[in-house]
Amino acid sequence: MPALPKVDPYKNKNQFLAAMGDEVFRNLRPHMEMVPFEVGKVLHLHGDAVQFIYFPLNACISIVTTVQEGRGVEVALIGSEGIVGLWAALGSKANRHQAVVQIPGDCLKIKVDVFLAELKR
C-alpha cells in the first residue's frame, strides 16, 4: 500500500496558504519561520521597506493608516483568511500602512524576495 502524502500541519491553518498549490507551498515552506506575537507588536511601520510577509494562523493583525493630524485609523483586520504584506507582492516597496498585532497568536513569516521569486516561477 502506498504511503499517504505528508501534509504540513500549518498549510490549512491559513486560507491563503490552503488555496496555494501544493508545489508552490512545498517550495516556500522551508523558507518560512513560525513566529509567536503578543498584542501591540508592530510588524510593519508606515514608510519602511517591506521585508517580510506574514501568514496569520491564529493571530489578528490590524492595518492602520495615518489620517489628518497624524491620527491612526484601522482600515483592515487580517486573520487566518489572509496575508499581511501583500502590497509588497503587488509591487509596493514601502509600507503605506502600519501593521499591529491586535489578537496574539502565531504567524508564518517569509522574506519578501523569496516569496516574490517563487511567484515569478
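User: Why is Asp-22 called partly exposed?

Analyst: Asp-22 has a relative accessible area of 48%. Buried means under 20%, exposed means over 50%, and partly exposed is in between (1.4 Å probe, protein chains only). The 48% of Asp-22 falls in between, so Asp-22 is partly exposed. This is a predicted model: local features need pLDDT of at least 70, side-chain atom pairs count only at pLDDT 80 or more, and totals for chains, interfaces and linings use all residues. Residues are numbered from 1 along each chain as its sequence is written, and side-chain values use heavy atoms, with hydrogens and water left out.

User: What makes Lys-11 count as buried?

Analyst: Its relative accessibility is 9%. Buried is under 20%, so Lys-11 counts as buried.

User: How do you know that Lys-11 and Asp-22 meet in a salt bridge?

Analyst: Look at the N to O distance, which is 3.4 Å for this pair. A salt bridge is a side-chain nitrogen of Lys or Arg within 4 Å of a carboxyl oxygen of Asp or Glu. The 3.4 Å is within 4 Å, so the pair is a salt bridge.

User: Which parts of the chain does the pair link?

Analyst: Lys-11 sits in the segment before α1, and Asp-22 in helix α2. The two are 11 residues apart. Helices (H or I, at least four residues) and strands (E, at least two) are DSSP runs, numbered from the N terminus.

User: How many salt bridges does a search of the whole structure find?

Analyst: Two. Asp-8 and Arg-29 also meet in one, at 2.8 Å, N to O. Asp-8 is in the segment before α1 (15-19), and Arg-29 is in the loop between α2 (22-28) and β1 (33-37). They are 21 residues apart.

User: Why does Lys-109 have no salt bridge?

Analyst: The nearest side chain of opposite charge is Glu-33, 4.2 Å away.

User: What is Lys-109 in contact with, leaving aside its neighbours within four places in sequence?

Analyst: Contact means heavy atoms within 4.5 Å. The list includes Glu-33, Val-35, Phe-52 and Tyr-54.

User: How many helices and strands are there in the protein?

Analyst: The protein has four helices and seven strands. From the N terminus on, they run α-α-β-β-β-β-β-α-β-β-α.

User: What share of the protein's residues is buried?

Analyst: Buried residues make up 38% of the 121.

Conventions: Lys and Arg count as positive and Asp and Glu as negative; His and the chain ends are not counted.
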